[in-house]
Structure formats: structure tokens, C-alpha cells
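Hello,

Here is the structure I promised to pass on. My notes follow below it.

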Amino acid sequence: MSKHTDKFGRPVVVVTGMGVVTSLGVGKKDNWAALTSGTSGITPISRFPTDLLSTRIAGTVDFLKSSGKGAMYLTYELAETAALEALAEAGANGDFGGPLFLAAPPVEIDWHQRFALYNRKAEGVGYDRLLDVARKHPSRPVYDSTQFATIADQLADRFGTTGMPITLSTACASGTTAIQLGVEAIRRGECDKALAIGTDGSATAEALIRFSLLSALSTQNDPAQKASKPFSRDRDGFVLAEGSAALVLESLDNALARGAEILGVMRGCGEKADDFHRTRSKPDGSPAIATVQAALSDAGMDESGIDYINAHGTSTPENDKMEHLSLSTVFGERMRDIPISSNKSMIGHTLSAAGAIEAAFSLMTMREGVIPPTINYDNPDPAIELDVVPNESRSADVSSVLSNSFGFGGQNACLVMAREPE
Amino acid sequence: MTEKDVVITGIGIVSSLGEGPEAHWRALSGHPLHPVIDSERFKPYTVHPLPPIEWSQQIPKRGDQRQMEVWQRLGTYCAGLALDDAGMKGDEAQCTTMDMVVAAGGGERDQEVDTTILEASLTRNDREILLNEKLTTELRPTLFLAQLSNLLAGNISIVHKVTGSSRTFMGEEGSGVSAVETAVARIRSGQSSHLLVGAAFQTEHPDHLLAYELAGKLHRGSWKPVWSRQGAEGGGMVSGSGGAFLVLESRAHAEARGATIYAMIDKVSSARSRRGAEDLDQKIGALIDGTLGRDTAALAISGASGAHEATAAEKAAIDRRGHLTPRGFATMTGHLKEAQFPFGVALAALAIKNEAAYPPFDSDEKPFDGHVDTVLATAVGHERFEGAARVTKA
């Protein structure tokens, strides 16, 4: 039986290790310094030519060994790099010994690989030709990149996680869902620790164009660092970005027994799906409202217990409006006074990784007593009355955070985190 | 028997054999058995194609149908069948509190656009500019959504109003195992009371065949049953289109609403045993023993893919356990990838409900004359990951 349980009798789940990579750099130290000084990681794209593209900026991670090698390789290396930092901090040596929950993008065969296949000696046109090439020249690396389980399998080998790893996608909420799966597994008593990773290295030309065709991306290319402007009147879309975060989740019992430092508490997780539209949320905000309420209720808290909100804050016209509506409904008049900021103003939208990265930054916000700002807040949207911690970070005593993730396809998930166990 | 037993109350399945539990029971218990195959369209590969489907039976709005590629449509259709079967379709109170776990692959790429780009690449060296040029002008904007993995779940929420929660697992056969395993664990622990879980796979798209064939996984030449492809030309897999969704509930939830129960999922196990290891058959055997128990005589609904190594290992593990009588259902449906495990669990539940075993699916399999109160379902991934379930009389 667990000694430390929450008010529902479940094991308390804490975080004992974190690792982060974003366009701002590798590791928590560099990221935190950049984040709290209001630095943007958004730059003109150099990875591929941007001729003919209406969006020519992104928050790519261009400084890892795999940065130019294709989405699968970079997505793996991002996850590995963040996990190494998290496991070192948690003092986890050797095999990790708990399950892996990986939020990762659905990655397809890279175009460079497609071109290479197609230009081999073969018969036929189009897919007939590709199949002919595959028959004559099977390619293990290209096959691996078609299998969604490849990255998690490799990470499981690398870190000695137990059992069959789970790879998941809930679009922009994926990183949050990975954490939620880990929290739930510990609460069920299946394990006393879990590794949750959100990773996304899929900023390819095709990904950019696909989001662009949905009119989801900012086209304010110049200057790049000003494009992501959540809650501003002239916001016009999100900025595609890459990154990763890893969190070592652990029962409080286990953490205390081995004398681990406790970085924060995963108090509650909530989710609710939207049934309105594939890219738009229900006009009354009810799914987002229900998600926030579910997270508070799972945390055994009411809305008065939240000190700071880490916004989904994508900088799309739709999201920021709906997020404001939903939060105002849940928190009422108090919403004007709760600080809320968007890390995406600086790092862009890291998609599958976003929920995990923002959870790590939320925990750091509490530990460091500093709230990272929403930068590029020069032209406030008058319809969104919020304390967005404009442009400069702020010292504050924050003991609890709500972190929001609202995804394309209607998948919404929120986390409530606390600085210390109750 | 406890209130938190996990019971199956709805089955929505589609394969080349037809749609729904009754059609599958008829097709699989009849004599002689007739696999439905197409060996011409994707020659030299054989596929088990989708049956004719009246999509509007489960997806009434044309607009919704247009927003999905076949794979998403198939999954959304199967989910509707499962909800109907459970008597929950259109029941707002049930659906808006129902959790969902979907195992998903990806969608179907636009073959024409890809072909245009690839053909042009034979004569142009500015391939990255070529990509920008063609992708920005030729891609249908909403195709992205019609292909995205998590949008199958998204469409189920939109069409069937299942909104309690929505999670999508990815990763071939293993994701189907994890989806069922997680669903069962959540219900048993009280984290969920009723849940929709499943997957769909549409193989009639060359991109999906290409993925397998890049590692030489597909069987070529004349069609053979799943256990009889060792030594034949190609890699042993014959792919099929199909889907399987299940409505799972705690016994208490099912009984409170007077639901008809097919069977109980007593145990689900999963593992990650290396293909290429000499003891793969022993690892699979240990997974089976750990799930079923060492001596329990049982019908074994095997999801063996046909892929040579994994299938030979599973066959060896089953053959060494004289108390198991296998039915390799890929012989009848083709391999359904993410949907393989949920489909196998559905077939197991059907046998229990009907208190009868399926006849042998090919001449290698023996008749089963024991009691059908415990059935094993397996899915050993063609390349990685494996799982098993013990399905019992509720």
C-alpha cells in the first residue's frame, strides 16, 4: 500500500527529473535563461529552400547531429537528448526500470528517401515503380521510417524501459497525454516510475506546407522573432517548431525512499474531446471548459487554487480567443488577475512535444519563482483581457500551475501541477 | 466475478468477409470456408479487400464522409457498428462520458501528387524547389486532416459524439495491443466505466504495401494460408483491409443498463521480444503461459501475420503447447495491422458468446472439441511487439 496518497487514496505522483530541448538550446539551463530573458527561438528557415512558400520561418532545432537527416532521426535524437538530461537529474543509473510513454509525430518516408528510391533502376511509374524498387532493393532504414513504433523501440533499448512502450498522438495535446498515461499507470500501481517524453522533429517542407494549406501558420515572416504573438490583436497563426521534453514521473513513496529530489507534483490530469469540427473548437468553449474542470477535479482542487496558467496560447486567432473564453468561464472575474503566459511566443508550437515542454517549464516556473513572459505583446487584443505577463518575466511565488493543451482534431488535455506535495 | 470485471458489450467489425459479428460468425463457422482475395489489383501481392460498404449507414453526412480517407471512414464506420451493437448509439449520456482509445496508423497519401513529383524528379535536380512548387499547388488542403493519425478518433467524436476522452496510440500491431491493454486497466482500476477501443486498416493503397515491402515482408505468388507460407516466394504477409472496435464496460456499468454481454476480458499482456533472437518462440510461449495459464485447454485465436520469423516462432510456441488449438485468422481476413489484436479479441468473444469453436481455417489446424469458455487471442507483430488476451465467459 502507498504511504503517501492524495485525497482520492491514489499514490501521489511527483517529478524527479526533467530534460528539455527547444530552438532556444539544449538543456534546462540554457532554455530557462533564454525563456526568462524573453528571447525568441524563431528564425528564417535554413533547413530547406522556402521559395514559393508563404511561411518562411520556424522554430527548428538546427544544432543537433540529426538536424539535417530527416524527421525520424531528429525526432529520435531530440527524445534521447531530453531523456538523458532527465534521467541524470533523477539519478537513474543503468536500466530505467519503468514504462515509456512517448508523444511523437506520425512520421512518413522522407522525401529525400522517396527521391532516392525513385531514381534507382526500376520498372514502372509512380507507386508501381517504388514497389519494384522495394522488391529489388529492400531498405531497412527506409522501412524503419515507415514504422510508427521504431522510435519508441529504439528509446526502450537505449534506456532500458520496461515492457512494450506506448507511442501516442493527441495532436497538440500529445505531450500532456504522455504525462497523463504515466501518472495513471503509477496511480494504478502498475509501476512506481515512468518516463514520459514529448518529441517533435518533423519541421519538413511538406509538414509546413500542409499546415499552411490549412491557414494555420503565421505569415508574418519579417522579423521572424516577432511572428508568434499570442493574445495580440494582429496574431495570424502559429509558428511551426521542434523540440522535446522528458519527465521522470515517480510515486512520492519511491522518490522519498531513494532520497530523490522532488521537482514538483503532478496533481491532476483532465481531458475532454470536442465533437464540433476537425480544426475549430465548439463556439461555446464547452470542451475546453470541461477539460480544465476535469483537471482541477482530478487534482482535488477548485479554481481558487491556481496561481498561474501556462497557456496553450498558440497565436492563432481561434485558439487564443477560445482559450480566453474558456478560462473566463471557469475562473470568472478572477481571470483578469491570474498571470497567464505563453511559452509559444518564444519557442513556437512544438506540436507533439508542446505539452511535455510546457509541463517542464511550468515546474521550473514554480521552482524558480519566475514567470516567463508572453513576448511580442505590443498590440493587445482588446477582446482578450488577460494578464499575459507581457514581454518581460516576472518574479512571483507560484505554488500551483494549470497547463493547457488543446489539439487539432478536438483532443484537449490539461495538467494541474504543484510545487510541493500537500 | 466482480463489479470491475471488464466485459465486452459491443463489437463492430469489418473485413473482406463482411460486416458485423453475425456475418463474421457465419462466414467463419460455415463449411467450406472461402477467403475473399484479390490477387490482380496489386500483383504480385494478394490482398483481402474491403466488402461493399454503405458508408451512410454509420456516417450519415456526406460532408463528414468527404473529410476522411477510406481508413478513417472505415474506423468511424466500425466504431458506429460497435456503439449500435452495444445499444449506445445516439445515447448522449453514455457517449459524452465514454472514453476512447484508438490505435491508428496513417492515412493514404495522394498517389497522383506523389507520382507527379517523383516523375519530375527524374529530370530535375532542384528537387526541393520542385516539392514546394507541387505541394503548395496540388495538395488538397483538407487531405492532411484526412490522413492524420489522431483524426480517426477526432472523426469518431464528431460523427458519433464520443467525447469523454480521446487518445490515439501509434505503432503497428503493438498499438492495438496497448490500446486494449490500457482500456482494460483503466476500467478495472475504476479510471473509466465504459470505453470504446479499436482500430482500422485499409491496405488497398500502394503506400501501405510499400511500407511492408521495403523490408521484403509481403508474400508473393499464389495465395496460401497463414501457416503455410514459409519457404514460399516473398516475406509471408498477406495484408487485408478491415477494422475492429469494441465497447468495453465494467460489469457494474453494463449490468446497470441491462446490456448484453459477449464475454469478459480477463487478462491482457504485452511484451517486447527481439525479432532475430534465437529464443523468440520461448518468449512468445512465456507470454502465452503468463496470460492463459500453463495448462488451460483453449482455442487460440492467433493474429499471426505470416511474416516468416515471427510466425514460425509463434507456431512453434503454440505447437509445443498441446492444450492450445490455433486458428490463424489472417488466413481468412488478411493481416489487419493495428486492428489485428482488437479483431482477434472480437473473434474470441464471438466464440464464447456462441459457445462454439471455429472450424479449422486450413488443413494444418485441428478441430477443437473442448468447452469454449476460455479463449486466447494473440497478436505477434510482424517486426516488433506482441500481446495476448485471455477472454472468458462472463
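The buried residues of α1(A) are covered by elements of chain A that include β1 (13–22), β2 (25–26), α2 (71–90), α12 (344–347), α13 (354–368) and β12 (370–371). Please keep in mind that this is a predicted model. Helix α1 of chain A spans residues 28–36, and its buried residues are Lys28(A), Asn31(A), Trp32(A), Ala34(A), Leu35(A) and Thr36(A). Just past the end of α1(A), Gly38(A) has a positive phi of about 75 degrees.

Next, a helix pair in chain A. Helix α3 (residues 111–118) packs against helix α4 (residues 127–136) at an angle of about 80 degrees, and their axes lie 9 Å apart. Angles of 65 to 115 degrees count as roughly perpendicular, and α3(A) and α4(A) are therefore roughly perpendicular to each other. On the α3(A) side, the residues that meet α4(A) are Arg114(A), Leu117(A) and Tyr118(A). Their partners in α4(A) are Tyr127(A), Arg129(A), Leu130(A) and Val133(A). Sorted by class, this contact between α3(A) and α4(A) has 5 nonpolar and 2 charged residues, with no polar ones.

The structure contains 5 cavities of 30 Å³ or more.

The largest cavity has a volume of about 220 Å³. Its lining is made up of 18 residues, and those nearest the centre are Glu108(A), Thr146(A), Phe148(A), Gly106(B) and His208(B). Two elements give two or more residues to this lining, α5 (140–146) of chain A and α10 (206–213) of chain B. Of the lining of the largest cavity, α10(B) supplies the largest share, 3 residues. By class, the lining of the largest cavity divides into 6 nonpolar, 6 polar and 6 charged residues.

The second largest cavity holds about 60 Å³ of space. From chain A, its lining takes Met72(A), Ala104(A), Pro105(A), Pro106(A), Val107(A), Ser145(A), Gln147(A), Phe148(A), Ile151(A) and Thr167(A). Met170(B) also lines the second largest cavity. The class counts for this second lining are 8 nonpolar and 3 polar, with no charged residues.

Regards

How values were computed
Residues numbered from 1 in each chain as written. Chains lettered and ligands numbered in written order. Predicted model: local features only at pLDDT ≥ 70, side-chain atom pairs only at ≥ 80, totals over all residues. Heavy atoms only, no water. Axes fitted to C-alpha atoms, helices over the stretch in contact; angles between N-to-C directions. Helix = DSSP H or I, 4+ residues; strand = E, 2+ residues; numbered from the N terminus. Parallel < 35°, antiparallel > 145°, perpendicular 65-115°, else oblique. Contact = heavy atoms within 4.5 Å. Nonpolar A, V, L, I, M, F, W, Y, C, P; charged D, E, K, R; others polar. 1 Å grid on protein atoms, 1.4 Å probe; cavity = no way out; pocket = protein on both sides within 12 Å on 5 of 7 lines; lining within 4 Å. Points joined across faces, edges and corners; volume = space filled by probe spheres on them. Buried < 20%, exposed > 50% of the residue type's maximum accessible area, 1.4 Å probe, protein only.
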